Amino acid sequence: ALRGFQTDHGLVDDGAFGAQTRAALNTTAESRLRQVVVNLERMRWMNRDLGARHIAVNIPDYTVEMVHDGAVVWQSRAVVGEENKTRTPEFSDSMTYFVVNPTWHIPDSIATRVYLPKLRNDPSVLDRSNMSLFTRSGVEINPRLVNFTQYSAENFPFRIKQNPSSANALGRVKFMFPNQFAIYLHDTPSRDLFAKDRRAFSNGCIRLERPIELSHTLLGGQIDDPAGAMERWLAGGKETYVNLDQPVPVHILYRTVVIDAAGVPRYRADIYGRDRKVFEALSEQGLELAALQG
C-alpha cells in the first residue's frame, strides 16, 4: 500500500517511510483542494493550441514528454533547476535543432559562481575537466598565466568552454529552442540523480534520462534511419548540428496536480513555492475556498 501511494505521488516506490513520503501522507484535504484550484487556473492560462506535436516539461513532476496527436510517444525522467538558486522558469518556445557531441559554452553566471573560486585556488582545474579559457574576442589563453584573484563576477573578462567528451556536463546531445532564459534540454553524465525523489539539482536547464530516444523520435519521418544516423554522429566525436524540418513547440510548465491516463488526479510537491503565490493572488480577487467545499 505504501509503495502504491508513493507511485501515485511521484515518489520512488521503495516502501520506505522517508521524509518525502511522510510529507505527502500528512498533506490535508484542504491543501489538496488548494492545489486543484491553482492548477485549474494554470490550465486556464494555457487554454490554447499547444501543437499537434509538442514537448511538455512538468517541473514539479520532474518529467518530460513528447505528445503527438494527443498520444504520448516519448517520456523521460528529468532533473530541473535547484530550489533555492537556479529555478527553472516557465515559458513556451519552439525547438528548431539539436546538437550531437555538444561543446558547453559555460554561462558567465556559472563561470563566476562555480569556476572562478576554483581557478583562484588552482588554475589547472580547467585541464582536468577538459575545459579551455578564452578572451571575449575568442583567443585561447593559458589559465596558469592569469592571476584570478584580481577578478570578480563584475569584472571577469574570460569565457570558459568544455569540449565534447563523455564527461561533458551536457552529455552527448542538447536540444535547442533559443530563448531569453538560455534554457534547453540535454543529456548528463550524472545518471544517479534520476533515482532520487526530488530531482532539483541543475543550473536551470532540464537534464534528460532518455535523450537519445528523444532524438530518434524527433527525426522520425525526417530521415529513414534515425538510430543509425545518431550512432554515426555520436561515434564521430565531433560537434554536429541537426536541424529539424518542422519546429516542435516546447512548453515548460509547473503542474502540481496531473491527471493520469485513467483520469485519476496525482499530486506533486510544490518545490518552488509557486502554488502559494497563485492561491494568494486568487484569494485577493475574491476566491473563497469554503464556497468550493460547500
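A salt bridge is a side-chain nitrogen of Lys or Arg within 4 Å of a carboxyl oxygen of Asp or Glu. Side chains of opposite charge can pair when their charged atoms come close. This model is predicted. A search of the whole structure finds 16 salt bridges. Three of these pairs are described below.

**Asp260 and Arg266**
- The side chains of Asp260 and Arg266 form a salt bridge, with N and O 2.9 Å apart.
- Salt bridges with shared partners link Asp8, Asp260 and Arg266 into one network.
- Arg266 counts as buried, at 19% relative accessibility, because the cut-off for buried is under 20%.
- Asp260 is partly exposed, with a relative accessible area of 26%.

**Arg274 and Glu90**
- A salt bridge joins the side chains of Arg274 and Glu90, at 2.7 Å from N to O.
- Arg274 sits in helix H8 (residues 274-284), while Glu90 sits in the loop between strand S3 (71-81) and strand S4 (91-100).
- The pair therefore ties together parts that are 184 residues apart in sequence.
- Arg274 is buried, at 18% relative accessibility.
- Glu90 is partly exposed, at 34% relative accessibility.

**Arg34 and Glu30**
- Arg34 makes a salt bridge with Glu30, and their closest N and O atoms are 3.2 Å apart.
- Both residues belong to helix H3 (residues 29-45).
- Arg34 and Glu30 are four residues apart there, so about one helical turn separates them.
- Arg34 is partly exposed, with a relative accessible area of 28%.
- Glu30 is also partly exposed, with a relative accessible area of 39%.

Key: Residues are numbered from 1 along each chain as its sequence is written. This is a predicted model: local features need pLDDT of at least 70, side-chain atom pairs count only at pLDDT 80 or more; totals for chains, interfaces and linings use all residues. Side-chain values use heavy atoms; hydrogens and water are left out. Helices (H or I, at least four residues) and strands (E, at least two) are DSSP runs, numbered from the N terminus. Buried means under 20% relative accessible area, exposed over 50%, partly exposed in between (1.4 Å probe, protein chains only).
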